[in-house]
Amino acid sequence: MPQQISPRGTFLAVADALKATIANDRELTELPTIATVMSDHGVSRGVVIRAFDVLVKEGRAEKVRGGRHRVVRHGQHVDRRPLAERLVDVFEADALEVGEPFPSASDLSQRFGVSRPTVGKALDKLEAAGLLTEARQGKPRTVRALPPDREERSEP
């Protein structure tokens, strides 16, 4: 069976299909994996990457380092601060005090939609800043100190 040559601009057809998927599924937060799109559309990895680039250029998706492309909805606020800065917000959001356990890397990975190694690097920065204790086998990180802005707000 001879292989059919795909027409020019196949990546645009794939991008249009992905746009339709985004429009039809309001719960979709991440684009499908490259492998899934390759399989669904019978195209090469390069075609899928070019289709994803179209969505990024149009502002419908954004690249996530260490993860899949995230869907961007119009009017949706996306926190673009570095993960270490967003993790500082956990102290206040979870009402953490000195000596309490900090959420695990797995929990934070799910909460922020990033990979565990990415969370680990951000946690290392909080450790270096003196906010968290070092994680050890079987022993969770604990709060060593509160972020400076939280200390100021907690004073009477």
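Which residue just after α3 takes a positive phi? G59 does, with a phi of about 80°.

## About the model

This is a predicted model, in which local features need pLDDT of at least 70, side-chain atom pairs count only at pLDDT 80 or more, and totals for chains, interfaces and linings use all residues. Residues are numbered from 1 along each chain as its sequence is written, and side-chain values use heavy atoms, with hydrogens and water left out.

## Helix α3

Let's start with α3, residues 45-57. Helices here are DSSP runs of H or I with at least four residues, strands are runs of E with at least two, and both are numbered from the N terminus.

V47, V48, A51, F52, V54 and L55 of α3 are buried, meaning under 20% relative accessible area with a 1.4 Å probe, protein chains only. Seen down the helix axis, the buried residues fall within an arc of 150° (taken from the directions from the axis to the C-beta atoms), so they line one face of α3. Their cover includes α1 (10-24), α2 (34-41) and β1 (61-62), where contact means heavy atoms within 4.5 Å.

## An aromatic pair

Searching the whole structure turns up one aromatic pair. The ring centres of F91 and F102 are 5.1 Å apart and their planes meet at 45°, so the pair is tilted; rings pair with centres within 6.5 Å, and planes under 30 degrees apart are stacked, over 60 edge-to-face, the rest tilted.

F91 sits in helix α4 (residues 83-93) and F102 in the loop between α4 and α5 (105-112), 11 residues apart. F91 is buried at 0% relative accessibility, and F102 is buried at 5%.

Note on methods: Rings of Phe, Tyr and Trp (its six-membered ring) pair if their centres lie within 6.5 Å; planes under 30 degrees apart count as stacked, over 60 as edge-to-face and the rest as tilted. Buried means under 20% relative accessible area, exposed over 50%, partly exposed in between (1.4 Å probe, protein chains only). The expected span of a helix is 1.5 Å times one less than its number of residues.
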